[in-house]
Structures are given as structure tokens and as C-alpha cells.
Amino acid sequence: MLQDHKTHSVHSSTNHYAVNAYGARYGTDPIPKYKLPSKGIEAEAAYQIIHDELSLDGSPALNLASFVHTWMPKQADQLMMENISKNLIDQDEYPMTQVLHTRCVSVLADLWHAPSTHQAIGTATTGSSEAIQLGGLAMKRIWQEKRKAAGKSIHEPGPNIVMGANAQVALEKFARYFDVEARLVPISEESNYRLDPKRAMEYVDENTIGVYVILGSTYTGHYEPVKEMADLLDEYEARTGHSVPIHVDGASGGFIAPFATPKLEWDFRIPRVVSINTSGHKFGLSYVGVGWVVWRSKKYLPKDLIFELHYLGSVEYSFSLNFSRPAHPIIAQYFNFVHLGFEGYRNVALQDLKNARLLSRALEKSGVFTVLSDIHRPAQGIATAAKAAVGFDEENVENYVPGLPVVSFRFTDEFRQNNPDVQQKWVQVLLRAKGWIVPNYELAPNMQNVEILRVVVRENLTAVMVDRLVADILEIVEGLVKEDNPVHALAALQSRKTVEGHHGRLEEGSGSKPSGTYARQC
């Protein structure tokens, strides 16, 4: 138990040793938790100890907070295990693995309509966070080269990058880590809780290295309007002569939009889009550990960001932040490309969106919740046409507002007015008691007074599970309303104070204050 919390003195009844429940069976002594044991134990005993401790984790199948994919066919598992010891950077030692990597880049370049898949260039990353850094670095370096060529300073006032205040924390990390001013465009209900292109133009000037446009906000799943942003930047360039590129953060949407709504223009069909990133471990349907960044052509990846390595008997080229990285996530991604093909990916995306619409409608019909995401609503112009026509094709995804299979919702104003003592965050706490992991958190700056619950509908969340989820949510809400004093009943559930939860953690206030974007589940 924790004692003297104010002075951060941590005491343990076991003196910080892990006492093995099977110690008598395996003949093992208690093991220190935070020091290297002087002597090891048998592999079977080590496995059993760690296996049992990890059983306290939540179930990945019920983790509706995360975009990260949690299941692959057993053949993919087998391929990954067969290649788990391979290092992707060892190109000379594992040439076929590098070939598969190159094929994946070409597949994505073609999927995103690069002018020439032969001219497009890209690389695997550990995820979209690394990919976003690379896209931003390329735009910054090109801006610097242009400024130098024009005889202008690259330091005063220095570079800036424009993005919506709803941007995921990785985008702000780029700005902070690489000395670029982050210009965060406030969001509003009118802008659908994401970047407003017209307002974004107020933040663009000759020192803007680029605009991050997000294909799928992590808050509500809304796509930001890439085409509208590009058109405004075209007009700006015609008027001022300053060319401002776009990097599309397609961490999630890069694997949804091409399959569910292929007519939507957001990718390299728009000339101003110079680079795109995505996460293979999200709707790319691979296990965690693989992301991608692709540039429309070699022209947009400056040569001084590419390192020529004379290493292990060959000449290799590297333009990623990491050097060594496991090869098996890339192999798993290629497995999906071969196994699913376009039709398979489309079927999964459409099913995800269908289940997300099912959840959205059920929540709205309950009268308890307002749904902020729009994927269940008819697209602009479709609603009017549907009224005039006989019947509305509910299965046609083109009839709906495009977006991610994400459902963001909150208590209705009427419910909050009638039940002022019921806090929305209790729904998250009590759902966790039933196994569901559904986050409750504030919207982005300028709207942080609005709290939302958010469900990411992935491949494993079936219609049957959606039905159970809705029933559990409504049962919890009904219970909260009936409680005579729910505040006291739930006070004890707000946090767990344990030695493990305290040891080695940063205390509140240890980090810098957020300048706009927040580190949220993604």
C-alpha cells in the first residue's frame, strides 16, 4: 500500500519482491521487481509468472479506445514467428525481406494515386508518429532550401506549420522536436470539430512550411477537407507566389477512404499533396509496429535526408528516424495485401462503417446521447434527394458522410439538465467493470468544456457485440439515474492507488504544459 504519498515514499509489504504463486511447485524464491535477480529461474516458471501478471490487462477484443488492430489469421502469426529475428535494416543479409518492403511502398503509392509508382518513394516506420516526423522534416528542408536560394533568413522569424487544434499529439511533437512553430487552428461545432480550411488560411504566410491535414480526426472520425484546403492554397499561391504544400495524416483514413469511398479526392490526385502517412497497424489490419510514409515523387524527399550507408558488405540507403527495426511487421503487412486484396479490404471497411452506423443510431434513439460523429448521416444533397425518391439505400456507403468507423457521443443537454449529479466519466468507469474499454475525455482546445465518449469500431466488433455494448451502456445509465447518491457510490472507483501504479511514474506536472494538442488514445 502507499504511505506518505506527499513525500513520494513508497512502501511494499513484500519489499518490492514478486512472490510467485507457484513458488513451491517450481522451487523458486521471491524475485526482485525493480532489480536484476542475482540468479535466474527456469523458463517455464518465468513464463508462468509473467503470463499470470499480464492476465490483469484488459482484453484487446474489448478495447474500444484504440485504433490499433488486434487480430490476424493464424497464417500471419506463423509468418511473423518464422521471421521474428530478422532486422529490416540488414538489406544485404535479408534481400527478399527488402523486396517485400519495396512492394508494400509501391502498393500504397498506387492505392493513393501517385503520378508514377516508379517515381514515388517511401519507407516503413514504427507507426504514424515516426512517419509524420519524416513528412514534416521533408517539408521543412524544402522550405529552407527555397529561403536560402532567395537570400532570405531561415531563422527570423523561423518556420511554422499549420494544423487543426484537434491534431493528434504526434503532429505537435514534430513542431516541438524540430523547432517549428505549431500554428493551431481552433475547432468548432460548425467546423465539425476539425480543421476549418478558411480559418486555417488566416495562419498561413511565407514561413509556413506546410499544412497538416488529417484524414480522420482521432476525436470524432471526421475527415478534414483536403481538396478544399488545397484549392485555397492554390489561390494563395496565385496571389502571393508562396507555395505551401500539404501533408496528409492518413494514420487511419489512409486505409479506409481508398476502399470505402474511392471517389473521394484526398490523396495524390491533388497536386498540392506531397506526402501521406498511414498506420499499417490500424485499419491496415496488421499487428502493432508498422507505419508508412510515401512521397508523391523523389522531388519531395530532399537528398540530404537520405543517408548512404556502407554497412555489412553492401551500400544501403536509409531515410527513417530508427535504424534497426523488426522485419516481421512489414511481412505481416504484405501478407494482408496478398491475402485480402482490394475487395477484402473494402469488405472489412464497409462492415466496420455499417456497425458504426448501427451503434450511432442505437445511441441516438435511446434519447440519452447526442452523437457528434456523422458517418450515419446522409451526405449533403442525399437527404433531400432521398425524400423525393422512393426508398433510401442504407447499404450504399456513398450515401453517407465519409469518415472513420468511429462513434463519438455525449449525454444530451436535456439528460444533463434533468440529471445534474450524473457525471459522464462514470460511464467509462462502469463499462470497464464489464470488460469494455471506452474512453471519456475532453474535445480539443476551444471546445475542451465538452466531454465525449468514443468507440472505435474495428473488425472484431460485430453487430452482436454492438448490441451487447448498447445494452450495457443503457443499463449503466439507468442505474446511475436511480441511485440516491451516485457521487459517493462512485468516488472510490475513480483511481487505484497501488505500489505498481506509482513506481517509476512521472508525477502530475512533470511534463511541459500542452500548447494545444493532447496525448489521447489513438
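## Ground rules

Residues are numbered from 1 along each chain as its sequence is written, and side-chain values use heavy atoms, leaving out hydrogens and water. Because the model is predicted, local features need pLDDT of at least 70 and side-chain atom pairs count only at pLDDT 80 or more, while totals for chains, interfaces and linings use all residues.

Helices (H or I, at least four residues) and strands (E, at least two) are DSSP runs, numbered from the N terminus.

## Salt bridges

Let's start with charge. A salt bridge here is a side-chain nitrogen of Lys or Arg within 4 Å of a carboxyl oxygen of Asp or Glu, and the count comes to 20 salt bridges. In one of them, Arg272 pairs with Glu237, with the closest N and O atoms 2.5 Å apart. This pair links distant parts of the chain, 35 residues apart: Arg272 sits in the loop between α9 (257–260) and β8 (273–279), and Glu237 in helix α8 (residues 226–240). For accessibility, buried means under 20% relative accessible area, exposed over 50%, and partly exposed in between (1.4 Å probe, protein chains only). Arg272 is buried at 10%, whereas Glu237 is partly exposed at 29%.

Asp374 and Arg377 also meet in a salt bridge, at 2.4 Å from N to O; Asp374 is buried at 16% and Arg377 partly exposed at 26%. Arg416 and Asp413 form another, at 2.6 Å. Both of these residues lie in helix α12 (residues 413–418), three residues apart, or about one turn of the helix. Elsewhere, salt bridges with shared partners join Lys434, Arg468, Asp472 and Glu475 into one network.

Lys140 is found in helix α5 (residues 128–149). Contact means heavy atoms within 4.5 Å; leaving aside neighbours within four places in sequence, Lys140 is in contact with Pro159, Phe178, Asp179, Val180 and Ile209.

Two strands pair if DSSP finds at least two bridges between them. An open sheet of four strands runs in the order β12-β13-β15-β14, with antiparallel pairing. β12 (369–371) and β14 (440–442) stand at the edges with a single partner strand each, so one side of each is left without a neighbour in the sheet. β12 and β13 (residues 406–411) pair over three bridges, and the bridge partner of Thr370 in β13 is Arg410.

Helix α13 (residues 425–433) packs on this sheet, touching β13, β14 and β15 (451–456), and its direction makes about 35° with that of β15. Axes are lines fitted to C-alpha atoms, for helices over the stretch in contact, and angles run from 0 to 180 degrees between N-to-C directions.

## Aromatic pairs

Rings of Phe, Tyr and Trp (its six-membered ring) pair if their centres lie within 6.5 Å; planes under 30 degrees apart count as stacked, over 60 as edge-to-face and the rest as tilted. The count comes to 14 aromatic pairs. With centres 6.1 Å apart and planes at 80°, Phe174 and Tyr212 are edge-to-face. Both are buried.

Trp295 and Phe319 are also edge-to-face, at 6.0 Å and 70°. Trp295 is buried at 1%, and Phe319 at 14%. Finally, ring pairs link Phe255, Phe259, Phe337, Phe342 and Tyr345 into a cluster.
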